[in-house]
Amino acid sequence: MAESSYRDSISLVDKAGNRNWVYPKKPKGSLYQGRTWFSIGLMLLLFGGPFIEFNGHPLLLLNVLDRKFIIFGIPFWPQDLPLFALLMMTFVMFVIVFTVVFGRVFCGWACPQTVFMEMLFRKIEYWIEGDYKAQQKLDKQEWDMEKALKKGSKHVLFFALALLIANTFLSYLIGFDEVKKLIIDGPMQHLGKFIALVIFSTVFYLVFAKMRELVCIVVCPYGRLQGLMLDKNSIVVAYDYIRGEPRGFRKKGVEQNLGDCVDCKRCVQVCPTGIDIRNGTQLECINCTACIDECNDVMVKIGEPKGLIRYASQQEIATGKVKRISTRSIAYIIILTVLVSTLTFLLVTRKDVESAVLRTPGLMHQEQGNGLVSNMYNFEVVNKTFHEQQVELVILRPTGATLKMVDRESAMLTLHEDDLLKGSFFIMMPQQQIKANNTEAEVAVFSNGKLMKRIVTNFVAPVKQ
Ligand code: SF4
Ligand code: SF4
């Protein structure tokens, strides 16, 4: 059999094409402990996120339906779409740079899928059904009271957790206040939200009870892009084949020409995606570090140094030399710096009030009597803050022009949070001051006394001798 024959199949599917259910051994070790504490912090943040408020609003809101987004307290309205798109591009670029240098550290330590799967659902499974061998035995045994009780209680707890996650997810989408209304008023008052909640809960339940590692391997686009992003200098969970090979069981008192790997396969047993990391970096590896802990334990027992499986780049394993930043990484870092600078500039110079003025299409000039000629304009002002804004439209030029609102007395407008106001106004000129058929006009938009924008438009009227 060719040495790389493992590439012809994936660990999750048997020869007949059926799924190989993965029963990972219960992990233990210092990295697992570190991940547990890190996950507790992350889960507190994730579940507490919808309750954290800034200026009376959620710190994070991703309301796709109403196109309202709040990222770390900064509101983005539909008018901010280009800015929001740039923010997303910067985030994607950051993820790429991070991945090129640090591999899939995010997947193993911070991805909500891994955190929930390994730290909540898997722990419940170990608690109720026992370690991997007990789970295998339970699955093989005939249905009896013990199996029904264990399976039943596990799935009830799984669905309860899925429901909690779905509520949290919905709170990020529409805000906690809306979810609270659904809970207090009951489903019939908010049928749409209730259906969304049922769908999310079912999806989360299926993801964590049934799909599991398939999400990372088949569904997650980030996982599938690893091949494009990683290079031989990226840090990954790697097996040191120089030190470990040739692998083999060590016989006491027998002189053998073997490497440090005793071929105990404990690194394979503990892997939640069912792979053998000794075959090299694979798409299925989510860098959970469980195999590092397991192998370190073996190394301690046989009196060899830890780190046969460790965080290292392919280059480091092959040559023993560490080179963290490749030319590709430098190019990505330059692009990221440009994106971050542009984004920072746009955020800092972002105005509280967005405005637009357009000459009313299809209308000629109007003779107003008493020697005045007018043009009509449409305007739109949007308050992009959470505070009330007093917006004023002021005519700057041409000299002698005046501004008169249509349908309202004053050019001072009050805009509440997230308000959009549309209307029309006239620019009026004394006939004798019109010296050209087409004159440039300029309107200033002030908000709370601060100049927001100067808008240049045209004033069109015939010159009369
Ligand atoms: S746990 Fe370590 S020693 Fe055991 S098979 Fe895996 S790499 Fe080899
Ligand atoms: S190979 Fe190791 S790090 Fe990768 S998923 Fe399996 S146990 Fe986790």
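# Close-up views of a predicted model

**View 1. The loop that holds Asp 263.** Asp 263 lies in the loop between H12 and H13. Helices here are DSSP runs of H or I with at least four residues, strands are E runs of at least two, and both are numbered from the N terminus. This is a predicted model, in which local features need pLDDT of at least 70 and side-chain atom pairs count only at pLDDT 80 or more, while totals for chains, interfaces and linings use all residues. Residues are numbered from 1 along each chain as its sequence is written, and chains are lettered from A and ligands numbered from 1 in the order in which they are written. Look at the backbone of Asp 263: its phi is positive, about 55°, although Asp 263 is not a glycine. Is Asp 263 buried or partly exposed? Asp 263 counts as partly exposed because it has 14 C-beta neighbours inside 10 Å. The rule is that a residue with 20 or more other C-beta atoms within 10 Å of its own is buried, one with 12 or fewer is exposed, and anything in between is partly exposed, with C-beta atoms placed from the backbone. Pro 246 is also found in the loop between helix H12 (241-244) and H13, and the peptide bond that leads from Glu 245 to Pro 246 is cis, with omega near -10°.

View 2. Which residues come nearest to ligand 1? Out of 16 residues around it, they are Cys 261, Cys 264, Arg 266, Cys 267 and Cys 295. A residue counts as near if its C-beta atom, placed from the backbone, lies within 6 Å of the molecule. Two elements, helix H13 (266-269) and helix H14 (290-302), each give two or more residues to this shell. H14 has the largest share, with three residues. Sorted by class, the shell holds nine nonpolar residues, one polar and six charged. Nonpolar here means Ala, Val, Leu, Ile, Met, Phe, Trp, Tyr, Cys and Pro; charged means Asp, Glu, Lys and Arg; the others, Gly among them, are polar.

View 3. Now for ligand 2, which has 14 residues around it. Cys 271, Ile 277, Cys 285, Cys 288 and Cys 291 come nearest.

**View 4. Helix H4 and its bend at Arg 122.** H4 covers residues 112-129, so to speak a run of 18 residues, and spans 24 Å from its first C-alpha to its last, close to the expected 26 Å at 1.5 Å a residue. That expected span is 1.5 Å times one less than the number of residues in the helix. Find Arg 122, where H4 bends by about 35°; the bend is the angle between axes fitted to the seven residues ending there and the seven starting there. Among the buried residues of H4 are Val 115, Phe 116, Met 117 and Phe 121, and so are Glu 118, Glu 125 and Glu 129. Their cover includes helix H1 (30-48), helix H3 (105-109), helix H5 (132-140), helix H6 (145-174) and helix H8 (191-211). Just past the end of H4, Gly 130 has a positive phi of about 90°.

**View 5. Leu 42 in helix H1.** Leu 42 lies in H1, and counts as partly exposed because 18 C-beta neighbours sit inside 10 Å. Setting aside neighbours within four places in sequence, Leu 42 is in contact with Ala 110 and Val 115. Contact means that the C-beta atoms of two residues, placed from the backbone, lie within 7 Å.

**View 6. Helix H6 from end to end.** With 30 residues, H6 reaches 43 Å from first C-alpha to last, close to the expected 44 Å. Its buried residues include Phe 158, Ala 162, Ile 165, Ala 166 and Phe 169. What do the buried residues of H6 pack against? They pack against H1, strand S3 (60-63), H4, helix H7 (176-185) and H8.

View 7. Arg 212 sits in the loop between H8 and helix H9 (213-219). Its phi is near 50°, a positive value in a residue other than glycine. Arg 212 counts as buried because it has 21 C-beta neighbours inside 10 Å.
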